[in-house]
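Q: Please go through one part of this model closely. I would like to know which segments pair with which, and what surrounds them.

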Amino acid sequence: VLSTDGGSVTVGADGGTLSEGYNYFTGTVNATVKLPAGPSVGDVVVVKAGNTAAGQNITIEVQGSHLIDGDATNIHLESPFAAVSLVYVVANDWRIV
């Protein structure tokens, strides 16, 4: 069962660890953040950029031996209002949904 609390929004910050649920980055930001280190199968992490300026990126990194879609160790949100949703499907495997 995939679920996340739509009423809970965490404001993201450079160097932080993302929370299960919604993570929002306000305004212009150049940030590197990490996915949770000890997620449970079915955890969903949503990352949403605000109105970022040209050249401002949000880099999402894994922790430990986790991978994104089977081979990536990081992904980048590079445009204003970009968003990505990831679900933890099995041990060490985050998938973009």
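A: Two strands are said to pair if DSSP finds at least two bridges between them, a strand being a DSSP run of E with at least two residues, numbered from the N terminus. The model is predicted, so local features need pLDDT of at least 70 and side-chain atom pairs count only at pLDDT 80 or more, while totals for chains, interfaces and linings use all residues. Residues are numbered from 1 along each chain as its sequence is written, and side-chain values use heavy atoms, with hydrogens and water left out.

Strand 5 pairs with strand 7 in the antiparallel sense over four bridges. Strand 5 also pairs with strand 3, in the parallel sense, over four bridges.

In general, the strands of a sheet pair through backbone hydrogen bonds, either parallel or antiparallel. Six other strands form an open sheet with mixed pairing, in the order 1-2-4-8-9-6. Its edge strands are strand 1 and strand 6 (67-68), each of which pairs on one side only. Strand 6 runs parallel to strand 9 (residues 93-96), and two bridges join them. L67 has D93 in strand 9 as its bridge partner.

I60 also belongs to the largest nonpolar core, which has 20 residues. Such a core is a set of buried Ala, Val, Leu, Ile, Met, Phe, Trp, Tyr and Cys residues joined through side-chain atoms within 4.5 Å; buried means under 20% relative accessible area, exposed over 50%, and partly exposed in between (1.4 Å probe, protein chains only). I60 is among the members that touch the most others, along with L18, F25, L35, V47 and I58. At least two residues of this core come from each of strand 3 (31-34), strand 4 (44-49), strand 5 (58-61), strand 7 (74-77) and strand 8 (83-90).

Contact means heavy atoms within 4.5 Å. Apart from neighbours within four places in sequence, L18 is in contact with I60, N23, F25, V33, K34, L35, P36, V45 and V47.

N23 lies in strand 2 and is buried, at 2% relative accessibility. Residues up to four places away aside, N23 touches T10, L18, V45, V46, V47 and K48. A polar contact is a pair of N or O atoms within 3.5 Å; within protein, one must be able to donate a hydrogen and the other to accept it, and residues adjacent in sequence count only if both atoms are side-chain atoms. A polar atom of the N23 side chain lies 3.3 Å from the backbone oxygen of G21.

D14 sits in the loop between strand 1 (9-11) and strand 2 (21-25) and is exposed, with a relative accessible area of 54%. Leaving out residues up to four places away, D14 touches N30, A31 and T32. A polar atom of the D14 side chain is 2.8 Å from the backbone nitrogen of T32.

D69, in the loop between strand 6 and strand 7, has phi near 50 degrees; D69 is partly exposed, at 38% relative accessible area. N92, in the loop between strand 8 and strand 9, has phi of about 65 degrees and is partly exposed at 32%.
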